[in-house]
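Dear colleague,

Please find below the structure that I am handing over to you.

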Amino acid sequence: MIGDNIIKAKELLEKGEIIGLPTETVYGLAGNGFAEDACTAIFQAKNRPSFDPLILHSYGLEGIQQFTQNIPEAAIKLAKAFWPGPLTLLLERNELVPDIVTSGLPRVAVRVPNHPTALKLLQQLPFPLAAPSANPFGYISPTTAQHVSAQLGNKVAYILDGGNCNIGIESTIVGFENDEAIIYRKGGLAIEAIESIIGKVNIKAHSDSNPKAPGMLKRHYSPTTPIILGDIPTLIDTHKNKNIAVLSFNQKYNNNIPHKILSPLSDDGEAAKNLFAYLRTLDGLNLDLILAELVPEKGLGLAINDRLLRSAAGE
Ligand code: TXA
Ligand code: MG
């Protein structure tokens, strides 16, 4: 079920099957992005509501230009600066993109993943790959082939193993309204990097009502164990009669409690890479509570805090 055979993955995808796909952000649940049946299978396997559109992955900007149109100047600049990489652009689609991919919206989300296995596969396919994160809807995204296998193993034909994801959180989503760039999801490409290419951008990622993207829903990316955010020593004291675990940024607070440190070196990239895997590990301990703290709000820290806040949010 798990393996590194790109030819096998290609053959299954050409037959309309869906597979686990490694990328540098998180693993995707991939199928032929031009085939309605494969896309339907993706929605079903993930238990994903049909109003939540899919991202199409291609080997490069040229590939993406085959199924999009009227690409804004700023989008081309970003694509040239950051693809392959953790950047998703919302672009006007053309007739090749089935309605199911975009949930009927006029724009399609597109990305070129920076992962050698994914790129090799995409270069050999005559269609882009529709791939949402390979987790059941609402749960933490997978960053290893084993994570995919644990949750969706019986729903996919094959899981292409590309090792641990280097970035560890989903791509940053950028769209354009009246030629103005807007961030819809904070992610693996820092906003500072985007602004260094196209200047100041607006962030719309925090609207809770009528979300454009369910990554924007308040409660998302959630483990089963409740998470409480705050000052960890205070939280440990308040909850000392419960079975607790701690997820901290860069230090250990108590030797007797199961805990994970996101980055002992206080590095936002390292913290992002560890976040989902550590949340999964702590969730697997089946304790009463996970106590966690926010990280410094810079670089990938914005996306990390966004995921922590959403995973801790009430229903
Ligand atoms: O890093 C990533 O982006 C990963 C890897 C596999 O590429 N994919 C990923 O896909 O995170 P997914 O489906 O879990 O999240 C994509 C987000 C969703 O919240 C979806 O609603 C939004 O992108 N989205 C997709 N197409 C859209 C569109 N046309 N307009 C607005 N939002 C869109
Ligand atoms: Mg997702």
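This is a predicted model: local features need pLDDT of at least 70, side-chain atom pairs count only at pLDDT 80 or more; totals for chains, interfaces and linings use all residues.

Residues are numbered from 1 along each chain as its sequence is written, chains are lettered from A and ligands numbered from 1 in the order in which they are written, and side-chain values use heavy atoms, with hydrogens and water left out.

Helix packing

Two packed helices are described by the angle between their axes and the distance between the axes. Axes are lines fitted to C-alpha atoms, for helices over the stretch in contact, and angles run from 0 to 180 degrees between N-to-C directions. Helices (H or I, at least four residues) and strands (E, at least two) are DSSP runs, numbered from the N terminus.

Helix 4 (residues 73-82) packs against helix 8 (residues 191-198) at about 125°, and their axes are 10 Å apart. Helix 4 is therefore oblique to helix 8; angles under 35 degrees count as roughly parallel, over 145 as roughly antiparallel, 65 to 115 as roughly perpendicular and the rest as oblique. On the helix 4 side, Ala74, Lys77, Leu78, Ala81 and Phe82 meet Ala193, Ile194, Ile197 and Ile198 of helix 8, where contact means heavy atoms within 4.5 Å.

Helix 1 (residues 6-14) and helix 6 (residues 116-124) pack at about 50°, with axes 10 Å apart. These two helices are therefore oblique to each other. Ile6, Ala9, Lys10 and Leu13 of helix 1 make the contact with Thr117, Lys120, Leu121 and Gln124 of helix 6.

The ligand

Around ligand 1 there are 25 residues, of which Thr25, Asp52, His57, Arg107 and Ser171 come nearest (a residue is near if one of its heavy atoms lies within 4 Å). A polar side-chain atom of Thr25 is 2.6 Å from an oxygen atom of ligand 1. For an N or O atom in the side chain of Asp52, the distance to an oxygen atom of the ligand is 2.5 Å.

Backbone features

Most residues other than glycine have a negative phi, and most peptide bonds are trans. The peptide bond from Trp83 to Pro84 is cis, with omega near -5°. Pro84 belongs to the loop between helix 4 and strand 6 (87-93). Asn47 has a positive phi, near 60°.

Yours sincerely

Terms used:
A polar contact is a pair of N or O atoms within 3.5 Å; within protein, one must be able to donate a hydrogen and the other to accept it, and residues adjacent in sequence count only if both atoms are side-chain atoms.
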